[in-house]
Structures are given as C-alpha cells and as structure tokens.
Amino acid sequence: MHPALADHLNPGCVDLVERLMSCHAENRWAKFFGKCNALSEALNKCLGEEFEERRKKQLVEARARKARVKAIWDETKADDEEHMAFERAQRERARAQQNYS
C-alpha cells in the first residue's frame, strides 16, 4: 500500500500515480497477478525519494528553529542571572543597613 497519493504532497510522482491508477482501472484482474508491479515499484522509489527530500528540508528547518529557541533561552538565562545578582546585592545592602542600625 502507498501513503496518501495526493498531488500536492507528492508533486514529483504525479505522473506515476496517474499511470498506476489507470493500469489498475484497465486491468481489473491482471493487477492481482503482477501486471502493474513495475509501476508500483517505480512509484515506491519515487515516493521514497520525495520523503527523503522532505525529511532533509525539515531537518534543516528544525535545526534552525532549535538554534533560535536556544538563543532565546540563553538570553533569558543571562537576564535571570543578572536579575538574581541585582536582588542579591539589594539584600546584602539591606542587611548591611540593618547591622549599622
């Protein structure tokens, strides 16, 4: 079985999909005995290649998204550390004022 054979999902394999569908329509019984197997194998190969292309593209996009998120988290962490240092300094000043009082 093939995955969903929508034209927009597999634009490079449209011709093979149409040829396989017409082979199945023209050879209702012979398709069960291997009449359309060559087209089916060619379609499987085409779909596999398109899957690999999409996978590689998505991998690049995912790495870019991950880098953006990491940069945001690093910036947030730096801001938090700066804020914590500021609060620590304020507490130390408050303690020092209490000790002098």
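Start with the whole chain: among contacts (heavy atoms within 4.5 Å) between residues at least 6 apart in sequence, 56% join residues at least 24 apart. This is a predicted model, in which local features need pLDDT of at least 70 and side-chain atom pairs pLDDT 80 or more, while totals for chains, interfaces and linings use all residues. Residues are numbered from 1 along each chain, and side-chain values use heavy atoms, without hydrogens and water.

Stay zoomed out. The C-alpha trace spans about 100 × 20 × 15 Å along its principal axes. Colour by secondary structure: there are two helices and zero strands (DSSP runs, H or I of at least four residues for helices, E of at least two for strands, numbered from the N terminus).

Next, select the salt bridges (a side-chain nitrogen of Lys or Arg within 4 Å of a carboxyl oxygen of Asp or Glu). The count is three.

- Select Arg-19 and Asp-15. Their closest N and O atoms are 3.3 Å apart. Both residues lie in helix α1 (residues 14–26), four residues apart.
- Move to Glu-52 and Arg-55. This salt bridge is 3.0 Å, N to O. Both residues sit in helix α2 (residues 37–100), three residues apart.
- Continue to Lys-70 and Asp-74. The closest N and O atoms are 3.0 Å apart. Helix α2 holds both, about one turn of the helix apart.

Finish with a surface view. Lys-70 is exposed, at 52% relative accessible area; Asp-74 is partly exposed, at 39% (buried is under 20%, exposed over 50%, partly exposed in between; 1.4 Å probe, protein chains only). Buried residues make up 14% of the 101 residues.
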